[in-house]
Amino acid sequence: MPIVRPVTREAIVKQAIKIIGRKGTSAVTFQSVATALGVSKQAIIYWYPTKWALVADICLPFMREEADALLPVLAEAGSAQGAINALVRTFVAHYENRLPQFRMLYLPERLGVSRPNSAAQQAALAPVHAITSLVYKALEDRITADASNYTKVSPRRAAVAVHMAAVGLVTMFAAADALGDPMVHSTDDMVDALVAVLSRPGQRV
């Protein structure tokens, strides 16, 4: 029987991340975290009434790490194309050796959660979305400053699309890693190809 005693949000998140590190994302449940901490399941639910709330707190520090990697290189970029190039390359490099973190952030079904379908669940994800918006805004600003080259594309939509393209590329790397099936093309080659596709024809990046 678990010992019923108080537990903090910080302790719950720290333990959940430990479980993910040892056993993978699917091993995280309210009961597994409670057992590891020696508390009741209700002690976990007191702080996290939904799994989405727990997932959001698990993901938040990883999302901050992503933003900390991306924002400086976007600020230093001298052009829209330079910023796009920097985002894709930095995003892939950041997650190349952090695939478990990437799966938590961008493949949440692996944590056993369904689509958020309530205001409370959406609110739990708001801090994560706020950090993502900072990255979108930084790239949007670089694209806006070079607006003559993007007259047919909303700078905000372009920024989101570039980020989504980078997410898609790492998703394929994560899938290949999970299957133990190496991709035919190297990571560097695929990054170069994606940057070229996202670049204006004839424009070097």
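The protein chain in this predicted model has a secondary structure of nine helices and zero strands.

Let me turn to the chain as a whole. Of the 205 residues in the protein chain, 42% are buried. As for contacts between residues at least 6 apart in sequence, 70% join residues that are at least 24 apart.

I now come to the contact of helix 4 with helix 6. Helix 4 covers residues 51–76 and helix 6 covers residues 99–106. Their axes come within 10 Å and cross at roughly 115°. Because angles of 65 to 115 degrees count as roughly perpendicular, helix 4 is described as roughly perpendicular to helix 6. The crossing of helix 4 past helix 6 is left-handed.

Which residues meet here, in helix 4 and in helix 6? Helix 4 contributes Ile-58, Cys-59, Phe-62, Met-63, Glu-65 and Glu-66. From helix 6, the partners are Gln-101, Met-104, Leu-105 and Tyr-106. By class, the residues of this contact divide into seven nonpolar, one polar and two charged. Glu counts as charged, and Glu-65 and Glu-66 of helix 4 are both among the residues that meet helix 6.

Thank you for your attention.

Definitions and conventions: Residues numbered from 1 in each chain as written. Predicted model: local features only at pLDDT ≥ 70, side-chain atom pairs only at ≥ 80, totals over all residues. Heavy atoms only, no water. Helix = DSSP H or I, 4+ residues; strand = E, 2+ residues; numbered from the N terminus. Buried < 20%, exposed > 50% of the residue type's maximum accessible area, 1.4 Å probe, protein only. Contact = heavy atoms within 4.5 Å. Axes fitted to C-alpha atoms, helices over the stretch in contact; angles between N-to-C directions. Parallel < 35°, antiparallel > 145°, perpendicular 65-115°, else oblique. Left-handed = near helix turned anticlockwise from the far one by under 90°.
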